[in-house]
Each structure stands twice: as C-alpha cells, then as structure tokens.
Amino acid sequence: MSSFGIRRYFVQKNYTPPSDPFQPDPNNQDDVDRCGISPEALVSINEAVSVTTSRKRKRGSYQNYDDEQKKKIARYAIMNGNANAVRHFTKQLERPINESTIRGMKKWYTKNVVNNTENIAPTTRGRPLLLGKELDLKVQTYIKQLRLKGGVVNTSIVLGIAKGLILSENRSLLSEFGGHIELNKELARSLLRHMGYVKRKGTKAAKKTVGDDFEEIKAEFLQRIRAAIAEHNIPPQLVINWDQTGISIIPAGEWTMELEGSSQVPISGLNDKRQITAVFACSSDGHFIPPQLLYQGKTDRCHPSYTFPPSWDIHHTESHWSTEDSMLRYVEKVIVPYVEETRASLQLPADQKAVAVFDIYKAHRTNSLLQKLNDYNICPIFVPASCTDRLQPMDLSVNKVFKDLLKSEFQTWYAEKVCASLSEDSGDPTFDMKLSYLKPIHARWLVSAVQELSRRKEQLCSGFRESGILSCFV
C-alpha cells in the first residue's frame, strides 16, 4: 500500500469533486491509488482539464447576404474579376469581404441562376467571342439543353452544333463558303472554357513504360528485321505491320464536358455497346491493306446492314476483340491474299518470304497463328513489350489519323442533324444514337475514312520511317 493510502487513517479531508463524472475523484481512495498521485494534485489536474475542455473558440464576425446582394456581387465578379469585386464591395459595403466569399457566390450564382434563367458573359474583358455574341449564345443554349437530357458534350459535338447552327442561319460565315469562321478544336475548347465546362472522364490504368535500355531494345528489334530482309531479299512491299485498335461508333463514350464542381454527371446511352475492333495493316512502301472489322455478337446478325468493299473482312466475336480464331481468319482472308498478289505483281517466286511485324497481344502469340504464317512463308517479328508507341508503325502514323477522319465524318453528320432539328423546330437537341440506327451510318464513315487514308501514301510510310524500319532496307 502506498504512503497516500496510509494517510487516510490519520487525515480526513474533503476535496472538490470533479466537474466531469469521468474524471478521477480525489475523495475516492481507489481513484487516488490508481493514479499514483496525491489528492491535491488530482484536484489541480481536474480543474485544469475542465478549463481546457470548456474553453470555446470565439466565433468570428460573419455577414449575411440576401439573394439579391449575392446576385449583384456575383455578376460584378464575373464581369470584372474576383479581385476587382473584393475592392469594389469592400468600399461600397464599408466592411471587408473575402475573395473566397466572392468565389462561393459565383459558384452559387452559376448553379442556381445562370443555368436556369440567365446567360451572362464578360463584355469588356478577354478576347472577343470567336462565333460572335449571338451565335455563341445560341450554341451555349443548345449545349445546356443537350446536357439536361443526358447527352454527351465534347469538342466533336460542339463543332457539329456550331456548324449546324451556322448552316441553318447563314452558311456564308463558314470559311468553306468564303466566310471568316473556321471551326476547329480550339474554338470548341474556348467556348466550353468560358461556359465553365471541364472534362469528366473515368481513369485508366497507368501506362507501362520501358526502362533506360530502350535504344538497346530498338537496335535489337531492327536488327531482326534487317537480318530477315537481307537473308531473304525481301522488298518493301512485303514488309507488313498490323495492329488492332478500338473504334467508337460515335466519338463520345463514357466522358463528357460538365460544369466544374458537378458531383453527378449523367450520360444517356452509356449502356450501348459502342465499339468495334478494326485490324489495320500497311506495307512499308505505303500500301494500305484492306481491314478486318470485328463487331460484338455471336452471329452475322450483329453486322450492319451495309455493303462493304468485297476485299474487307467483316466478322464478329463475343467481345469484339481479336481472338485466336479471328486472327487465323484475318491471315487467311486478308494477309495471305495480299502477299500472294504482291508476289505475282512483282514477278517473285511463290515461296518468296515476307515479314509481318506485330505486337505481343495474346491472340498474336498462339502456336496456330505462328504456324499458319510459317506455312505461307511469312516471318513473324514481335514489337518489344511496352514499345508500341515508338516502334509500331500503325500506332505512329495510322490509328490516330484514322480516328480523326472518323470524327470529321461524325461532325458533318451531326451538323446536318442539328440543322434539320432547327428547321423542324423540334426543341429536342438529342438524336437517336442506338447501335441499330448508327451501325450502317458508321459503316459509311469507315469506308470514307479508309478511302481517304489510302490516298495518303506519305502518311502511311511515315510510321515505318519513324520506327526505323525503313532504314533496314539501306
């Protein structure tokens, strides 16, 4: 027993009880023993803790603003900037107003007032509107109505809307008809910026990168190609690269432009299966080989009701991605006919070797595919892992260009739909974008884009040049 425990038999004293029932009681000898300190010290500690926990922070000076005052301040800030608004209203109200308060009012005003009843923009600050005030306002109104109905908004859609509006009102304003308005991505981005729209998109897995030994990997890759060309005397027409790429039915997908700060971003039609796979191939002399298109489905009924060029291979898989069977079909129906026709046109023997360059996608590494290539005297050479963005010609010069051509086709179609909607005065900015309706239209865009790309021989060769493959013929 401690000395403090013995004292209770000699000294009887009442101490101030704790104000908090959870604090140790100095009048309770068990509490004193557990704490191992004197009752006097326990009283002092309890008092100090009570003072600390009961001390309240003094509330700062806050000002309340009614809706009319907030509207007035927010309008001024939008017109003249936050800093000018702080100075102006601090002087006018004769009390300080913080910039954070101004920002909050602007956000409230944009969300609760502008989106519903008003549309204001600075008249004396910044660059002049590229479309002019009247057209810019109409495009903004159309975009807002489109988003209210859950439609996708991106640069392609904005350009389609702008073109459709101008065509319906005065087509002579467009540069293609001799006017001063040139529709491009920068115009669309500028319009979306001053509307306060930002990009909202799901994240993707981080891209794998190659280490510091890329130059060594590239040299080894090119040496394999160089050795095959030299050993078998292979001409540029028989060095081929193929690659798969996902093609959106419309240039939209699971992202849109939405007002900054929005917590929910609804997009109609996201349950549609909106992609197909295209397998593109090109020879190193710039010849674009007919593509294979893979639709999602189990039978030919998933194909569009459209007559494609007879040299194209139109097929399907359950996921629309390439499989072992679809790759065997591609080699049989597309690559082998091209190689055989090229041998004949160059008056080469039927067993003349060719080279096929492709990445290490799992459908490319099957024994059945490699054996089929060998059976037709085609030497397979893999693009090193994580190097397709720098060593695969299709990635360097074809895939993005093709998708840009598709976007152009879509914008033209969308502009026509907007123009027709305005002439009918339907008031509905959304259009039928279900696959059953879009597939035949999309097929027409695909054919048009391939025809345009096939004419760009220098563009097709540039990927082989940039990857270093053309240097293998020197």
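**Figure 1. Arg390 sits over the face of Phe214.** In this predicted model, the distance from Arg390 to the ring centre of Phe214 is 3.8 Å. A charge is taken to sit over a ring if NZ of Lys or CZ of Arg is within 6 Å of the ring centre and within 35 degrees of the ring normal. Lys70 lies over the face of Trp108, at 4.5 Å from the ring centre.

**Figure 2. Trp242 and Tyr330 form an edge-to-face pair.** The structure holds 13 aromatic pairs. With ring centres 5.7 Å apart and planes at 85 degrees, Trp242 and Tyr330 are edge-to-face. Rings of Phe, Tyr and Trp (its six-membered ring) pair if their centres lie within 6.5 Å; planes under 30 degrees apart are stacked, over 60 edge-to-face and the rest tilted. Trp242 belongs to strand E2 (residues 239–248) and Tyr330 to helix H11 (residues 324–345), so the pair ties together parts that are 88 residues apart in sequence. Helices (H or I, at least four residues) and strands (E, at least two) are DSSP runs, numbered from the N terminus. Trp242 is buried at a relative accessible area of 0%, and Tyr330 is buried at 0%. Buried means under 20% relative accessible area, exposed over 50% and partly exposed in between (1.4 Å probe, protein chains only). Ring pairs link Trp242 and Tyr330 with Phe358 and Phe382 into a cluster.

**Figure 3. Asp313 makes a polar contact with Arg329.** Asp313 lies in strand E6 (residues 313–317) and counts as buried at 3% relative accessibility. The two side chains meet at 2.8 Å. A polar contact is a pair of N or O atoms within 3.5 Å; within protein, one must be able to donate a hydrogen and the other to accept it, and residues adjacent in sequence count only if both atoms are side-chain atoms. Beyond its neighbours within four places in sequence, Asp313 is in contact (heavy atoms within 4.5 Å) with residues including Pro291, Leu293, Tyr330 and Lys333.

**Notes.** Residues are numbered from 1 along each chain as its sequence is written, and side-chain values use heavy atoms, without hydrogens and water. Local features need pLDDT of at least 70 and side-chain atom pairs 80 or more, whereas totals for chains, interfaces and linings use all residues.
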